[in-house]
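Dear colleague,

Please find the structure below for your records.

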Amino acid sequence: TKSSAGERSLYLVDEAVKILKLLEETNKKYGYYDEDFLFISCYNQRTSPSTIATYLWTLCHEVGIEVPKGNHKIRKTFISALFDANLNINTIREMAGHESEQTSLRNYCFDRSERTEMEQKLENLSSTIMVS
């Protein structure tokens, strides 16, 4: 990890657990192993971050995403989704591996809603505000 916040654990939904088990089974089937890393090349070495980024960019291109997205964009989206789900800020900080809640808020809390959804939320909020 990059900071003294250290290692972190994440809750994995059932579908993610299934995918990881499939990946482990595939690695075992083909004899790929490198210290419990999941993404192993045919040369039995850890897949480099740049290889994964290139693969993600290729996938983006294939599905018509104009601006390529990488693993850090996935991380930002995931952390923003945690905020959208109203998880406790300290839980988000721990899952992100940040030392400070401010890091999570300043750098990873983005409004992911469409403009019409945001406008509807504001309309709903306006009906709950009482002016005295």
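**Helix packing and a loop residue**

Helices H4 and H5 are roughly perpendicular to each other (a term for angles of 65 to 115 degrees). This is a predicted model, in which local features need pLDDT of at least 70, side-chain atom pairs count only at pLDDT 80 or more, and totals for chains, interfaces and linings use all residues. Residues are numbered from 1 along each chain as its sequence is written, and side-chain values use heavy atoms, without hydrogens and water.

The axes of H4 (residues 89–96) and H5 cross at roughly 85° and come within 8 Å; axes are lines fitted to C-alpha atoms over the stretch in contact, with angles from 0 to 180 degrees between N-to-C directions. On the H4 side, Ile89, Asn90, Ile92, Arg93 and Ala96 meet Glu101, Ser104 and Leu105 of H5 (contact means heavy atoms within 4.5 Å).

H5 (residues 101–108) also packs with H3 (residues 71–84), where the axes come within 10 Å and cross at roughly 110°. H3 is therefore roughly perpendicular to H5. Their contact involves His72, Arg75, Lys76, Ile79, Ser80 and Phe83 of H3, together with Ser104, Leu105, Asn107 and Tyr108 of H5.

Asp34 lies in the loop between H1 (14–30) and H2 (49–62). Asp34 counts as buried because its relative accessibility is 16% (buried means under 20% relative accessible area, with a 1.4 Å probe and protein chains only). Its side chain reaches the backbone nitrogen of Arg46 at 3.2 Å. Beyond neighbours within four places in sequence, Asp34 is in contact with Ile40, Asn44, Gln45 and Arg46.

Yours sincerely

Methods: Helices (H or I, at least four residues) and strands (E, at least two) are DSSP runs, numbered from the N terminus. Angles under 35 degrees count as roughly parallel, over 145 as roughly antiparallel, 65 to 115 as roughly perpendicular and the rest as oblique. Buried means under 20% relative accessible area, exposed over 50%, partly exposed in between (1.4 Å probe, protein chains only). A polar contact is a pair of N or O atoms within 3.5 Å; within protein, one must be able to donate a hydrogen and the other to accept it, and residues adjacent in sequence count only if both atoms are side-chain atoms.
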